[in-house]
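Subject: Structure handover

Hello,

Please find the structure below. My notes on it follow.

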Amino acid sequence: MQVLEFVLQVLVGITSVLLTLLILLHKGRGGGLSDMFGGGMSAAVGSSGLAERNLNRFTIVLSLVWFIAIVALGLITKFQVI
């Protein structure tokens with residue numbers, strides 16, 4: 001059981017970093033923090049529709065993996081026999 005817990009902890013760490021990077025890659029919609037950090041200037045150089053859709057899909061799948069790993073870790077911790 002400790003091996004599974006370790007694997008899930010590593011999975012949560014990797015997916016957390018990847019989710020942060022993927023969210024920062026998304027095109028800003030304007031008026032938010034993305035404009036503050038230069039997102040408004042690069043709006044004309046934004047990614048194509050297909051690339052943005054694929055980025056959205058990959059982000060959603062990765063967030064589901066992250067969520068399932070978090071729930072599994074919580075269940076393992078709750079029902080762990082000391």
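At 3% relative accessibility, Thr15 is classed as buried, because buried means under 20% relative accessible area, exposed over 50%, and partly exposed in between (1.4 Å probe, protein chains only).

Please note that this is a predicted model, in which local features need pLDDT of at least 70 and side-chain atom pairs count only at pLDDT 80 or more, while totals for chains, interfaces and linings use all residues. Residues are numbered from 1 along each chain as its sequence is written, and side-chain values use heavy atoms, with hydrogens and water left out.

Thr15

Thr15 sits in helix α1, residues 2-25. Helices (H or I, at least four residues) and strands (E, at least two) are DSSP runs, numbered from the N terminus. A polar atom of the Thr15 side chain lies 2.7 Å from the backbone oxygen of Leu11, and the Thr15 side chain also reaches the backbone oxygen of Val12, at 3.2 Å. Leaving aside residues up to four places away in sequence, Thr15 touches Leu62, Val65 and Trp66; contact means heavy atoms within 4.5 Å.

Helix α1

With 24 residues, α1 reaches 35 Å from its first C-alpha to its last, close to the expected 34 Å. That expected span is 1.5 Å times one less than the number of residues. The buried residues of α1 are Glu5, Leu8, Val12, Thr15, Leu19 and Leu22, and they pack against α3 (49-78). An α-helix has 3.6 residues a turn, so residues three or four places apart point the same way.

Val3, Phe6, Val7, Val10, Ile14, Val17, Leu18 and Leu21 make a nonpolar surface patch of about 730 Å². Leu21, in helix α1, counts as partly exposed at 47% relative accessibility.

The whole protein

The protein has three helices and zero strands, in the pattern α-α-α along the sequence. Of its 82 residues, 16% count as buried. Among contacts with a separation of 6 or more, 88% join residues 24 or more positions apart. The protein exposes about 6400 Å², with carbon and sulfur atoms supplying 74% of it. Accessible areas come from the Shrake-Rupley method with a 1.4 Å probe; for residues, only the protein chains shown count as cover.

Regards

Definitions and conventions:
Polar contact = N/O pair within 3.5 Å; in protein donor to acceptor, adjacent residues only side chain to side chain. Patch = residues over 30% accessible without salt bridge, like charges linked within 9 Å, V, L, I, M, F, W, Y side chains within 5 Å. Salt bridge = Lys/Arg side-chain N within 4 Å of Asp/Glu carboxyl O.
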